[in-house]
Amino acid sequence: MGKFIFYRVLQAIPVLWIVVTITFFLVRFAPGGPFDAEKSVPPVVKAALEAQYNLDQPLISQYFSYMGDLLQGDLGPTFKYPGRSVNELIATGFPVTAELGLYAILVALVIGGIAGIVAALKPNSTQDYVSMSIAMIGICMPTFLLGPLLVLVFGIWLEWLPVSGWGDLPGDKILPSITLGAMYAAYVARLSRGGMMEVMSQDYIRTARAKGLPNYMVVLKHGLRGGILPVVSYLGPAFAGILSGSFVIETVFQIHGLGRFYVQAAFNRDYTLILGCTVFLAGLIILFNLLSDVVAAYLNPRLRSEVGSK
Amino acid sequence: MSKSCSLSSSACSVFAFIQHRYMTMHFSFLSWHAKGVLILCATLLLSSCGSGESRVESGNRDGVLHIGNFAEPQTLDPHIHTGVPENHISMALFEGLVSAHPKTLQPIPGMAERWEVSEDGKTYRFYIRKNAKWSDGVSITAEDYRWSWERASSPMMGNQYAYMLYIIKNVEAWGNGTLKDFDQVGVRVIDEHTLEVELENPAPYFLNLLNHHSFYAVPRHVVLAHGKMTDQYTQWVRPGNIVSNGPFMLKDWKIYHQLTVEKNPNYWDADTVKLNEITFYPVENYSTEERMFRAGQIHKTEDIPLDKIPYYRANEPEKFRNNPYLGTYYYQFNVTRPPFNDVRVRRAFALAIDRKTIAKDIMYGVVDPSYSITPPGLSGYNPPKLVSFDPKEAKRLLAEAGYPEGKGFPEVDLLYNTNESHRKIAVAVQQMWKNILNVSVGLTNQEWKVYIDSRNRLDYDIARAGWIGDYVDPMNFLDLGLSSNGNNRSGYNVPEYDQMILKTIPEASSPEQRLEEFYKAETRFMTDLPFVPIYNYKTKYLVHPSVKGLHPNYLDYYYFKYVSLEKEGN
């Protein structure tokens, strides 16, 4: 297992390097620069600004100097917010996004898991069709529609929950977590239904039933462990997807997370901030994929021996 | 408005029940997972049980104004920032040498308690009040202003608004690096509290300019404690470091979250200030902002989605504000290439636009149709009205230019930056040109920076543009047509026009003469028609009725020191 993890970490280095390099040059080829604005900038001012941020150097030497700083963990200053570093912005935005992502995953697991298991226990019954139809709606409904809808009902009409914010007003974390979790809940429901149905037809389930175990014990103790496997391997990419894709929710609910920095950075051509967020998120995605492989191996003895032999 | 926590309490009890059931089942494999998950969920829901008071209600009680402020401020350094959101905050934190009346924008004493103007209108002497202090109690002196203006206009500073100071003698040469010694510019310290400024030419709007953030003084002692004079990458504007001279001072700044200012006890006119605090929220999404307003989370929005306007007009008109805003929305032609290098074609296109329909039907009547590049009501100036909606004349001109009934007209595109209302207007104008001139114009939308780049490179036929004035004077609009102005972006290059703007108007013998010269210049500009005005901007936003003293004005400047909150207005 240790070897497996070691090799995966080793593989991550060239992947990250490629991501950084491609992003570095791609953002430079996009038309418009960080200091282009509606009001034109006099050449002398533009020159002074570019000199302050080393943009007057040849591109290739900027690249090497960026890589040098990156190796030391320094993601550079932002162009849009003078006096702030990319490291500082990530350190401010990431904990918020991560908390939101964690709650969203919990919502997805609890709601999706229950719906999936309920559906799998009686395939092709009404309860199966109802929960799978709701799951399909969840997958199809975009978050920018679901968010405002939930806000309208629970925030404005019923006045039960705040319409925006994160940690400012009591209960303001509920609607964003549910909105972001809903789509993933739908996926989890479909995956756990498939997984459970496969497991529940296995011989060892029949053995468990033959032992006289009550049904809920069979489902929870024997069925769930195997049935949840597809969900576990989905969790890594899902969490990474949530982190990098929380922008819409952060905008709709006015949350000060990383997603908003990232998207605004692209609009502002804030080269260092785009790069910093990309590198950071790429690292996280690699990490979560690795973690979900490890957890899947832990839950699945067959996979464990495969991994162990590497 | 109040929020009950009935959902949360019922949800809490359901979760408590489920949690209890699970914990009593003793499943060896799942129990701790399930417990962990359920406890977290329950915690999440439990956190929703709280007080039922909205921010507007508590704000009215405690004297705290909550306002939507569109975007995260770039910085609070008045010599670096360029945007409207930053300006709103800067106006709370700082005050100019001369301030302005909150309604009329006429100059009133600010940091200077009085001033004298020489007979030729070129030299101003300002007497800074003796009790002018920074928020840390340090006195504000004439040297602070001299130093700050040296900083603001220094070529090393990278201040995008440095050109505002070019009105002062020799500052332009200093600003573009040809003059190396700031002592040669027209700013002199007479004594600790007296500052003398010499202008290049008489400029009646100079006193208004002093109210602009590029002319604010910054605390020399704090800036230098955190870096060099012209460093951009410094920490002096952070909470705990920054000191300011306005009615408020910075209390807290959480990036992308909120920024709070509190009353400055060292402000010379602190007795007038009624608010205790102001919190600014960077809400980029207008729909989110409108929902926050409806839920009582903010007192004032920065803007309002167009489709919400009919509702507020009909049902809550007391909350909707729509006032003239110094700006013009226009289309510009690339006059360097056919077919728009022909003034007849430009004129034909301009006369085929029905501005009233655009203002009324597309913009819900929240803007005014515009027939000149300068907005109406600029210091006694009445612009000429040389374009109107005249389909007959438009057709005639196009035929005269060699395209009768639009025959043989080349393919051209209308460029705009991606935005719903720009798109709607473009589609309507495209249809007007099709119906009246029988020409087909393609529509191209580009992302903001790409669009700016295309305009800078003159890579377009017709482009949407807008200009918001920085000071109330026709010069601020008419100098857009200068061949040397980077904001021209149309290729319009007429030496006689440049001569009018750069020589004739500044050297006008009297204010009346000056207005006459403006009229002549604009007549020339609107005859050549590189720009076609479409509408004049108006502000549109929502304000809670408890907010008093937030007066509308032409620059949409907020003088927070006059603002108060009424408890009865809930």
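1. Is Trp268(B) buried, exposed or partly exposed? In this predicted model, Trp268(B) has a relative accessibility of 23% and therefore counts as partly exposed, whereas Tyr267(B), with a relative accessible area of 3%, is buried. The ring centres of Tyr267(B) and Trp268(B) lie 5.7 Å apart with their planes at 55°, so the pair is tilted.

2. Tyr329(B) and Tyr331(B) form another tilted aromatic pair, with 6.4 Å from centre to centre and 45° between the planes. Tyr329(B) is buried at 0% relative accessibility, and Tyr331(B) is buried as well, at 1%. Both tyrosines belong to one aromatic cluster, whose members include Phe333(B), Phe340(B), Trp433(B) and Tyr537(B). Over all chains, the structure holds 52 aromatic pairs.

3. Five bridges join β4(B) to the antiparallel strand β5 of chain B, residues 123–128, and Ala112(B) stands opposite Ile128(B) in β5(B).

4. The charged end of Arg114(B) sits over the ring of Tyr127(B), 3.9 Å from the ring centre, while that of Arg84(A) sits over the ring of Trp253(B), 4.4 Å from its centre.

5. As for the cysteines, the structure holds zero disulfides over all chains. Cys140(A) counts as exposed, at 55% relative accessibility, whereas Cys277(A) counts as buried, at 0%.

Terms used:
Residues are numbered from 1 along each chain as its sequence is written. Chains are lettered from A and ligands numbered from 1 in the order in which they are written. This is a predicted model: local features need pLDDT of at least 70, side-chain atom pairs count only at pLDDT 80 or more; totals for chains, interfaces and linings use all residues. Side-chain values use heavy atoms; hydrogens and water are left out. A disulfide is a pair of cysteine sulfur atoms within 2.5 Å. Buried means under 20% relative accessible area, exposed over 50%, partly exposed in between (1.4 Å probe, protein chains only). Two strands pair if DSSP finds at least two bridges between them. Helices (H or I, at least four residues) and strands (E, at least two) are DSSP runs, numbered from the N terminus. Rings of Phe, Tyr and Trp (its six-membered ring) pair if their centres lie within 6.5 Å; planes under 30 degrees apart count as stacked, over 60 as edge-to-face and the rest as tilted. A charge sits over a ring if NZ of Lys or CZ of Arg is within 6 Å of the ring centre and within 35 degrees of the ring normal.
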